[in-house]
Amino acid sequence: MFAVPENTVAGADTPPTVHPALIARQYAEDRSRWAHLLRYDPDERYAVLVHHTADQEVWLMSWLPGQRTDPHDHGPATGAFTVVSGELTEHVLRDGRTHTLVAGQSRVFAPGYGHEVRNEGRDPAVSLHVYRGVRTMNSYPRTDPAHLRRAS
Ligand SMILES: [Fe+2]
């Protein structure tokens, strides 16, 4: 038997060891952390930085019906997002699968994970996003049939 020195064991509440989906959910449940920042922008999806540390950012986003991201990835970052209200649809670029998320549901992403998120519902949606590592957003052209129909 041997003893593990105290400083080699990360505590469960140490931010880098807490799963980003749990962080997103904790923020979602504590509206006092972000309610004063919430806005709806009729021109584009609204996003505001709620909290950041050296290696983590927490963003609040609002989505009016029809608002969406371009297809994108987050480079080397990992993270998660949780729907607070409304409904969001995520299209995963790698496998073409679509996931519809309602309040309380989350999706997680790893480096290089590509997706597109949109509000296809009738009501505004609110979500919280946690990014770990260098947050980048590499956008791709839209190629889905719905977009091509709108563009033509
Ligand atoms: Fe994303």
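## A walk from the strands to the histidines

Start by selecting E1 (46–53) and E2 (56–63): they run antiparallel, joined by seven bridges. Strands here (E, at least two residues) and helices (H or I, at least four residues) are DSSP runs, numbered from the N terminus, and two strands pair if DSSP finds at least two bridges between them. Keep in mind that this is a predicted model, where local features need pLDDT of at least 70, side-chain atom pairs count only at pLDDT 80 or more, and totals for chains, interfaces and linings use all residues. Residues are numbered from 1 along each chain as its sequence is written.

Zoom in on the turn: a hairpin of two residues takes you from E1 to E2. Now click tyrosine 46 and look across to its bridge partner in E2, serine 62.

Stay on E2 and colour its buried residues (20 or more other C-beta atoms within 10 Å of a residue's own; 12 or fewer is exposed, in between is partly exposed, with C-beta atoms placed from the backbone). Seven of the eight residues in E2 are buried, so the rest of the structure largely encloses this strand.

Pick tryptophan 59 and you'll find histidine 129 of E9 opposite.

Now bring up helix H1, residues 20–29, and show Pro20, Ile23, Ala24, Tyr27 and Ala28, which are buried. They sit on the same side of H1 because they cover an arc of only 140 degrees around the axis, taken from the directions from the helix axis to the C-beta atoms.

Last stop: select His72, His74 and His115, which an unreviewed UniProt entry annotates as "binding site". UniProt positions follow the numbering used here, feature names are shortened, and annotations may be inferred rather than shown by experiment. These three are spread over 44 residues of sequence, yet cluster in space, with a largest C-alpha distance of 9.2 Å.

Histidine 72 is in strand E3 (residues 72–73). Beyond four places in sequence, its contacts (C-beta atoms, placed from the backbone, within 7 Å) are Gly114, Met137, Asn138, Ser139 and Tyr140.

Histidine 115, in strand E8 (residues 114–118), is buried, with 20 other C-beta atoms within 10 Å. Leaving out residues within four places in sequence, histidine 115 touches Glu90, His91, Val92, Leu93 and Phe109.

Terms used: Two residues are in contact if their C-beta atoms, placed from the backbone, lie within 7 Å.
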